[in-house]
Amino acid sequence: MTKRHRTTAAAAVVGLVIGAAHLIGATAAHADDVKPSVPPGTEPSASAPVAIDSNAPGLKIPQGGTLAPVKVLDIAEVVEDLGGEQRRQETNQTVMMALQSEVLFPENSAVFNAQAAARIQAIANEINQQKATRIRVFGFTDDQGSYEHGQVLSKQRADAVQSELAKTVTAPGIVYDVRGYSEDYPVADNSTEEGQKKNRRVEITFPRSEK
């Protein structure tokens, strides 16, 4: 990369950081009333790949201004099968597999159907290959029915998936984080049947091994 390109990239990152800081300042008074945009514990955690010199001549900083701490978000690659039954999301740090509830459970149930075990064991095999020791299993529902019922059902489904994973993931020291979020954190529009199906899901997330 040329010096010109490096300077341009640095300036772009600084612009994003300054813009983000401005937005954060504008909404800080309401922070306690705003639900996180992603489930707790799943926030991006990538670090800056290079240091930025605040004295670099190509940076356009107003007089008296200073650089905020640099924050680089994970870049996610998402692959979904044709029926939308399974979605895979990869960042430079984690792999997340989302399975629609219909491919694992009968309606309004946390008892596995006939094909569920094979799907979960395939994910467990990848967890073994990645040598992951911390695994998140989060359950979600759509917004049909009461929030409280969805919370119970989503947690029961997450518990069932964790129990099945544990049959294949046998490395010592495995730590599971299992939660049920009811209708919180939808990934699609709940006003459509297709969106509701995508929101009824169980997500399994684990770290990628370093290569």
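User: How much space lies in the largest cavity?

Analyst: This is a predicted model. Searching the whole structure turns up one cavity of 30 Å³ or more. The space in the largest cavity comes to about 50 Å³.

User: Which strand gives the most to the lining of the largest cavity?

Analyst: Among the lining residues are Glu80, Arg87, Ala98, Leu99, Gln100 and Arg201. By class, the lining has two nonpolar, two polar and five charged residues. The strand that gives the most spans residues 94-100 and contributes three residues; this is S3.

User: Which residue stands opposite glutamate 80 in S2?

Analyst: Glu80 is one of the residues lining the largest cavity. S1 and S2 run antiparallel and are joined by four bridges. The residue in S2 opposite glutamate 80 is arginine 87.

User: What is the bridge partner of glutamine 89 in S3?

Analyst: A hairpin through three residues joins S2 to S3. The two strands run antiparallel, with five bridges between them. In S3, glutamine 89 has as its bridge partner methionine 96.

User: Which strands stand at the edges of the sheet?

Analyst: The sheet is open and has six strands with mixed pairing, in the order S1-S2-S3-S6-S4-S5. Each edge strand has a single partner strand, so one side of each is left without a neighbour in the sheet; these are S1 (77-80) and S5 (175-180).

User: What angle does the direction of helix H2 make with that of S6?

Analyst: Helix H2 (residues 116-130) packs on the sheet and touches S2, S3, S4 and S6. Its direction makes an angle with that of S6 of about 15 degrees.

User: At what angle does helix H3 run to S5?

Analyst: Helix H3 takes in residues 147-168 and lies across S4, S5 and S6. Relative to S5, helix H3 runs at about 155 degrees.

User: Where is confidence lowest in the protein?

Analyst: The mean pLDDT of the protein is 79, with 74% of its residues at 70 or more. Confidence is highest in H3, at a mean of 97, while the lowest mean, 38, belongs to helix H1 (residues 3-27).

User: How many contacts does the stretch of residues 1-33 have beyond near neighbours in sequence?

Analyst: The pLDDT over residues 1-33 is below 50. Where pLDDT is low, the predicted coordinates should not be read in detail. Beyond near neighbours in sequence, the number of contacts this stretch has in the model is 15.

Technical notes
Residues numbered from 1 in each chain as written. Predicted model: local features only at pLDDT ≥ 70, side-chain atom pairs only at ≥ 80, totals over all residues. Heavy atoms only, no water. 1 Å grid on protein atoms, 1.4 Å probe; cavity = no way out; pocket = protein on both sides within 12 Å on 5 of 7 lines; lining within 4 Å. Points joined across faces, edges and corners; volume = space filled by probe spheres on them. Nonpolar A, V, L, I, M, F, W, Y, C, P; charged D, E, K, R; others polar. Pairing = 2+ DSSP bridges. Contact = heavy atoms within 4.5 Å. Axes fitted to C-alpha atoms, helices over the stretch in contact; angles between N-to-C directions. pLDDT = per-residue confidence, 0-100.
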